[in-house]
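Open the model in your viewer and keep the selection tool at hand. This tour moves from stop to stop, saying what to select and what is there.

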Amino acid sequence: MPSIDNFTDVTYEVDNGLAWITINRPDRYNAFRARTVDELVMAFKSAWNDPAVGVVALTGAGDKAFSAGGDQKQRMETGDYGPSDSGLFEIDSLHHAIRDTPKPVIAAVNGVAIGGGHVLHMLCDLTIAADHAIFGQNGPRVGSFDAGFGTGLMARAIGEKRAREIWFLCRRYTAAQAVEWGLANKAVPADQLKSEVRAWADEIMNLSPTSLKVLKQAFNADTEHFGGLTQMANTTLSLFGETNEAKEGITAFNEKRAADFRAHQA
């Protein structure tokens, strides 16, 4: 695994008990490649292991994007998400690192949270959004999907009908809508996002860390079976990625045109 000292895609900083993990690829709307995921896993494990850290915040560099999900340009160029330390695309490990870190994790959504980036914020315990943030899924538009945590946690948070709307229509939703629906806890002006996260973290750190740890594990226990579904979904997605249908989706995305899936209707 990469060490914090040689990170290229992520920055890691601890400030008075609050660990800031920042996806640092603003030129790609903080979309993640395999190396990004490796570094995020290491960053979360570092925060987990540091007794000086009481709360973790996940955000993106710049003011345009929290994360646009998997790097589709990389996927188009090489057919995968690039090299990783293990040789695997460790997205499942990242999902579990966020959930298993025994400290509250706050998503500071500073722009678009789309596709896999949207799943990342949902995996966090709390979400605070800048008022210009945009939420949504993109998988069916580009020949992809998250049929594990990405569907299960969303349905638990906002209900089946709204979750299906988000996945089946691939629309975009404002920060105000995200709060109204239960996808986010609060929306604030962009210039107040970090200070709001800081205030929530300080309030959390006045509480018993062992109590918070056990409570987080209790919440997770009720949805842990989504992890198994995620593994099946990843297997299916790997197979689906080799089909002409999936290739049409990613090609259309990179050519900036609407995909034509009509030939693939069942």
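Buried means under 20% relative accessible area, exposed means over 50%, and partly exposed lies in between (1.4 Å probe, protein chains only). This is a predicted model: local features need pLDDT of at least 70, side-chain atom pairs count only at pLDDT 80 or more, and totals for chains, interfaces and linings use all residues. Residues are numbered from 1 along each chain as its sequence is written, and side-chain values use heavy atoms, with hydrogens and water left out.

**Stop 1: helix α1**

Select residues 34-49. This is helix α1, with 16 residues. Helices (H or I, at least four residues) and strands (E, at least two) are DSSP runs, numbered from the N terminus. From first C-alpha to last, α1 reaches 23 Å, close to the 22 Å expected at 1.5 Å a residue. That expected span is 1.5 Å times one less than the number of residues.

Now colour the buried residues of α1: A34, T36, V37, D38, E39, L40, V41, A43, F44, S46 and A47. What do they pack against? Their neighbours are β1 (10-15), β2 (18-23), β3 (55-60), α3 (91-100) and β5 (105-109). Contact here means heavy atoms within 4.5 Å.

**Stop 2: the six-stranded sheet**

Show the strands β1-β2-β3-β5-β7-β10. In that order, the six form an open sheet with mixed pairing. Two strands pair if DSSP finds at least two bridges between them. Look at the edges: β1 and β10 (186-188) each have a single partner strand, so one side of each has no neighbour in the sheet. From one strand to the next, the twist averages 20°.

Zoom in on β5 and β7 (residues 126-130). They run parallel, joined by four bridges. Pick A108, and find its bridge partner I128 in β7.

**Stop 3: the four-stranded sheet**

Next, select β4-β6-β8-β9. These four strands form an open sheet in that order, again with mixed pairing. Its edge strands are β4 and β9 (173-174), and each pairs on one side only. Strand β8 (residues 134-136) pairs with β9 in the antiparallel sense, over two bridges. Click F135: Y173 in β9 stands opposite.

Axes are lines fitted to C-alpha atoms, for helices over the stretch in contact, and angles run from 0 to 180 degrees between N-to-C directions.

**Stop 4: salt bridges**

How many salt bridges does the structure hold? There are 16. Each is a side-chain nitrogen of Lys or Arg within 4 Å of a carboxyl oxygen of Asp or Glu.

Start with R25 and D71, whose side chains meet at 3.0 Å, N to O. The pair links distant parts of the chain, 46 residues apart: R25 is in the loop between β2 and α1, D71 in the loop between β4 (65-67) and α2 (72-78). Are they buried or exposed? R25 is buried, at 9% relative accessibility. D71 is buried too, at 2%.

Move to R156 and D222, where the closest N and O atoms are 2.7 Å apart. R156 sits in helix α6 (residues 149-158), and D222 in the loop between α10 (209-221) and α11 (225-240), 66 residues apart. R156 is partly exposed at 46%, and D222 is partly exposed at 49%.

Finish with R164 and E160, at 2.9 Å between closest N and O atoms. They are four residues apart in helix α7 (residues 160-169), so about one helical turn separates them. R164 is partly exposed at 45%, as is E160 at 46%.
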